[in-house]
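Me: I would like to learn how to read a few features of this model. Please give the rule each time, then the case.

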Amino acid sequence: RIGPDILKNMSEAYRKLRNTIRWMLGALSHYEKADRPGSQGMEEVDRLMLHRLAELDGEIRDAYCTYNYKKVVALLSAFMNTELSAFYFDIRKDALYCEPPSSAKRLGSLETIEQIFRCVTLWLAPILSFTMEEAWLERYPEVRAAGGSVHLETFPEVPAAWRDDALAAKWEKIREVRSVITGALELQRAAKVIGSSLEAAPMVHIADPELLAMLSGVDMAEVAITSAITLTAAPAPADAFTSDQVKGVTVVFRAASGMKCARSWRYTDDVGSDPAFPDVSARDAKALHELRALGRLAL
């Protein structure tokens, strides 16, 4: 069966896959093998994505063995749209764009994206043969120079050590809390109180002591893409935002304090602390000094 609607849906699915690959190529354009930190130096959210690759590896190999190409595309479309574009990449844009080039967080993110790119491109190569060949040779010009091809590669060998079910269970709860925070911020955005989530510094009330203890080691402001977040066990006021899907988590909106960094758009109290760059935060000033030393910033 084929028709305009089917073609339109497939075209949209292909466009999303291609745009995700293109974004990864852009992020990796200055990333070299010598910069790789190894998975041990990565933060939890990076290792969560490696865990997802380990999970997908078995499912995709099984689908190929049974000639179920539709399942391969469905699995990777869901992964790239829901877990990469709408979650991981969204969180990691600040580290990729604003952290100093030598930042361990930034390098860990780039290594994760490198592994995602390799796996996704190799998994999709038998189906989207021309697009994946184009992406592979763009990322690895030495392969092009040697007359190689993505179609001469084998499927990636995904280390068993990447699998971490305990970490995945933890981050499932973190993502639930994140969904409540983003829900509260969407109401403020719809009411024109804020334009960006970075203008917020919400108070999050957690009723479950175990969940609160678990979140204490997580940078929830980074996860929820706000300038700050306060976690508390105190009872929430009656008008606080709640979600029917996530019990025991309520959010009270508060506007972010401090000044807006011209580079990251985060509101902090240390904007202007470096006289060489008076309109950015201390973190971003450090990055700009490093970029200038590397010759990537005009004097």
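Reply: Start with the polar contact: a pair of N or O atoms within 3.5 Å; within protein, one must be able to donate a hydrogen and the other to accept it, and residues adjacent in sequence count only if both atoms are side-chain atoms. Helices (H or I, at least four residues) and strands (E, at least two) are DSSP runs, numbered from the N terminus. The model is predicted, so local features need pLDDT of at least 70 and side-chain atom pairs pLDDT 80 or more, while totals for chains, interfaces and linings use all residues. Residues are numbered from 1 along each chain as its sequence is written, and side-chain values use heavy atoms, with hydrogens and water left out.

Me: Which residue caps the N-terminal end of H4?

Reply: Ser103 does, with a side-chain oxygen 3.2 Å from the backbone nitrogen of Lys105.

Me: What span should helix H4 have?

Reply: The expected span is 1.5 Å times one less than the number of residues. For the 21 residues of H4 (residues 104-124) that gives 30 Å, and the end C-alpha atoms are 30 Å apart, which agrees.

Me: How many residues of H4 are buried?

Reply: Buried means under 20% relative accessible area, exposed over 50%, and partly exposed in between (1.4 Å probe, protein chains only). In H4, 19 of the 21 residues are buried. Of the 299 residues of the protein, 44% count as buried.

Me: How many salt bridges are there?

Reply: A salt bridge is a side-chain nitrogen of Lys or Arg within 4 Å of a carboxyl oxygen of Asp or Glu. By this rule the count is 19. One of them joins Glu43 and Arg92, with the closest N and O atoms 3.0 Å apart. Glu43 sits in the loop between helix H1 (4-27) and helix H2 (44-65), and Arg92 in helix H3 (residues 69-98), 49 residues apart. Glu43 is partly exposed at 32%, whereas Arg92 is buried at 0% relative accessibility.

Me: Where do Glu83 and Arg52 lie?

Reply: The two side chains meet in a salt bridge (2.8 Å, N to O). Glu83 lies in helix H3 and Arg52 in helix H2, so the pair ties together parts 31 residues apart in sequence. Both residues are buried.

Me: Which residues are linked in a network of salt bridges?

Reply: Asp94, Glu99, Arg263, Arg266, Arg283 and Asp284 are linked in this way.

Me: Is Thr268 buried or exposed?

Reply: Thr268 has 18% relative accessibility, so it counts as buried. Thr268 belongs to strand S6 (residues 267-268), and its side chain makes a polar contact with the side chain of Asp270 (2.7 Å).
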